[in-house]
Amino acid sequence: NLPAAIASLNRAIELEPRVASYHYHLGIVHAEAKQPAAARAALTKALEIDPRMPEAQKVQSLLSTLPAL
């Protein structure tokens, strides 16, 4: 249920906006929901918060597969 996942992750981000993994997971869900602009924004925010996050390579890879804005 992608809309519910987006809502839950947005709520988590409201509570703790500096957790990079929340933004990372939100980006994945937006990508799965065919929302590339929102996915790109969330993934970029994840790297902005923590460029050395464990998922950084996955974030870069996913960003490279998203359609250009």
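The model described here is predicted. Within α2, the buried residues are A20, H23, Y24, L26, G27, V29 and H30.

Helix α2 covers residues 20-32. At 1.5 Å a residue, a helix of 13 residues should span 18 Å, and the end C-alpha atoms of α2 lie 19 Å apart, which agrees. In an α-helix there are 3.6 residues a turn, so residues three or four places apart point the same way. Among the buried residues of α2 are H23, L26 and H30.

## Packing of α2 against α3

Helix α3 is formed by residues 36-49. The axes of α2 and α3 come within 7 Å and cross at roughly 160 degrees. Because angles over 145 degrees count as roughly antiparallel, α2 is roughly antiparallel to α3. The crossing of these two helices is left-handed.

On the α2 side, the contact involves A20, H23, Y24, L26, G27, I28, H30 and A31. These residues meet A38, A39, A42, L43, K45, A46 and I49 of α3. Sorted by class, the contact of α2 with α3 comprises eleven nonpolar, three polar and one charged residues.

## Packing of α1 against α2

Helices α1 and α2 pack at an angle of about 160 degrees, and their axes are 10 Å apart. The two helices are therefore roughly antiparallel to each other. Their crossing is left-handed.

Helix α1 contributes L2, A5, I6, L9, N10, A12 and I13 to this contact, while α2 contributes Y22, H23, H25, L26, V29, H30 and E32. By class, the contact of α1 with α2 contains nine nonpolar, four polar and one charged residues. Residues H23, L26 and H30 of α2 take part in the contact with α1, and H23, L26 and H30 also take part in the contact with α3.

## The loop between α1 and α2

R18 is located in the loop that joins α1 and α2. Is this residue buried or exposed? The relative accessible area of R18 is 56%, and because a value over 50% counts as exposed, R18 is exposed.

R18 and A46 are 28 residues apart in sequence, yet their C-alpha atoms are 8.6 Å apart in space.

## The loop between α2 and α3

K34 lies in the loop between α2 and α3. With a relative accessible area of 70%, K34 is exposed. The C-alpha atoms of K34 and L66 are separated by 9.5 Å, although the two residues are 32 residues apart along the chain.

K34, which is not a glycine, has a positive phi of about 60 degrees. This residue comes just after α2.

Methods
Residues numbered from 1 in each chain as written. Predicted model: local features only at pLDDT ≥ 70, side-chain atom pairs only at ≥ 80, totals over all residues. Heavy atoms only, no water. Axes fitted to C-alpha atoms, helices over the stretch in contact; angles between N-to-C directions. Helix = DSSP H or I, 4+ residues; strand = E, 2+ residues; numbered from the N terminus. Parallel < 35°, antiparallel > 145°, perpendicular 65-115°, else oblique. Left-handed = near helix turned anticlockwise from the far one by under 90°. Contact = heavy atoms within 4.5 Å. Nonpolar A, V, L, I, M, F, W, Y, C, P; charged D, E, K, R; others polar. Expected span 1.5 Å × (residues − 1). Buried < 20%, exposed > 50% of the residue type's maximum accessible area, 1.4 Å probe, protein only.
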